[in-house]
Amino acid sequence: MRVTLIKTTIVTESLLADKIVALIQRHGSTGHTLTKVEGQGSRGVRASDWEGRNVKIETLVAEETANAILDELNEKYFEDYAVIAWLSEVTVLRGEKFLG
Amino acid sequence: MRVTLIKTTIVTESLLADKIVALIQRHGSTGHTLTKVEGQGSRGVRASDWEGRNVKIETLVAEETANAILDELNEKYFEDYAVIAWLSEVTVLRGEKFLG
Amino acid sequence: MRVTLIKTTIVTESLLADKIVALIQRHGSTGHTLTKVEGQGSRGVRASDWEGRNVKIETLVAEETANAILDELNEKYFEDYAVIAWLSEVTVLRGEKFLG
């Protein structure tokens, strides 16, 4: 009845939200939440991008899906956009439906 | 000074928020946060319920409380409502006050 | 390419947000998100402080930074303000930039 899954969290500029949601869905994410957040980025290249509204996208997926999502984020977005992504292990009630 | 607790997260339709908060409080939750989120559910029966505004309810509780909350959510809401719930272990500063 | 970091989460009254952000930055936090949440505190002394708008501040930091942040929160704010803080371990894509 409970399944260990990887909560994959992505914080990014609002403008990227639709593309990131499409990306996670292509990898098999079957559900997500989107939260409006304010953020301020790491001191460095693109701190200014983080002022104002950003979004936090969270999805519960299998470990291999989480890894595939991070790999594509890394290749496509990390050079040119303000994107932060992290994984954490969670225990999900009736989580089998998130296994795609 | 620090206590390991279970962060219990419940994402559901806004209409259920009051009932879910009452449920967690009955089980001994002494504090929670409520965040407005947008969500899209798992492909399947109730995806449409997830469009629009949902809420994320988070509470820090002892492990047995977390388990009791999930059991009641499972019995009362998982068949008929759009509810997602997961647990994760966290280290809480002065967490003893959450032990009820 | 991936770094284990400590996600440090602080929930507090909106009025304290700027001071808490300054505090985490003094300890080396190089980025954070701020989310508006509603909260209700532990039954006890300051439950009333938790009605209405609160903020959740999240930052990804090294373990020693997380510990230093919690120590200062404990010393400065826990007696007199409604503050909740917890730590959880996360795996961060390109997390080395958060190491300060």
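**How the chains of this predicted model meet**

Mentor: In this predicted model, the contact between chains A and B draws on 16 residues of chain A and 21 residues of chain B. Strands S2 (32-40) and S4 (83-93) of chain A each supply at least two residues of the side of chain A that touches chain B. S4(A) gives the most, with 5 residues.

Trainee: How do you know which residues belong to the contact between chain A and chain B?

Mentor: Residues are in contact if their C-beta atoms, placed from the backbone, lie within 7 Å. By that cut-off, 16 residues from chain A and 21 residues from chain B take part.

Trainee: What classes make up the side of chain A that touches chain B?

Mentor: The residues there divide into 7 nonpolar, 7 polar and 2 charged.

Trainee: Why are S4(A) and S4(B) said to pair?

Mentor: Two strands pair if DSSP finds at least two bridges between them. S4(A) and strand S4 of chain B, residues 83-93, have 2 bridges, so they meet that requirement, in the antiparallel sense. Val92(A) stands opposite Trp86(B) in S4(B).

Trainee: What makes S2(A) and S2(B) a pair?

Mentor: The threshold is at least two bridges, and 3 bridges join S2(A) to S2(B), residues 32-40 of chain B; therefore the strands pair, and they run antiparallel. In S2(B), Gln40(B) is opposite His32(A).

Trainee: Which strands of chains A and C are joined to S2(A) by bridges?

Mentor: Within chain A, 6 bridges join S2(A) to strand S3, residues 53-61, in an antiparallel arrangement. There, Val55(A) is the bridge partner of Lys36(A). Strand S2 of chain C, residues 32-40, is joined to S2(A) by 3 bridges, also antiparallel, with Gln40(A) opposite His32(C).

Trainee: How many residues of chain C are in contact with chain B?

Mentor: There are 21 residues of chain C in contact with 16 residues of chain B. S2, S3 (53-61), helix H2 (63-76) and S4 (83-93) of chain C each supply at least two residues of that side of chain C. By class, the side has 9 nonpolar, 9 polar and 3 charged residues.

Trainee: Which residues touch the most other members of the largest nonpolar core?

Mentor: Of its 76 residues, they are Ala85(A), Ala85(B) and Ala85(C). Leaving aside neighbours within four places in sequence, the contacts of Ala85(C) include Leu93(B) from chain B, and Thr8(C), Ile10(C) and Leu70(C) from chain C.

How values were computed: Residues are numbered from 1 along each chain as its sequence is written. Chains are lettered from A and ligands numbered from 1 in the order in which they are written. This is a predicted model: local features need pLDDT of at least 70, side-chain atom pairs count only at pLDDT 80 or more; totals for chains, interfaces and linings use all residues. Two residues are in contact if their C-beta atoms, placed from the backbone, lie within 7 Å. Helices (H or I, at least four residues) and strands (E, at least two) are DSSP runs, numbered from the N terminus. Ala, Val, Leu, Ile, Met, Phe, Trp, Tyr, Cys and Pro count as nonpolar, Asp, Glu, Lys and Arg as charged, and the others, Gly among them, as polar. A nonpolar core is a set of buried Ala, Val, Leu, Ile, Met, Phe, Trp, Tyr and Cys residues joined through C-beta atoms within 7 Å. A residue is buried if 20 or more other C-beta atoms lie within 10 Å of its own, exposed if 12 or fewer, and partly exposed in between; C-beta atoms are placed from the backbone.
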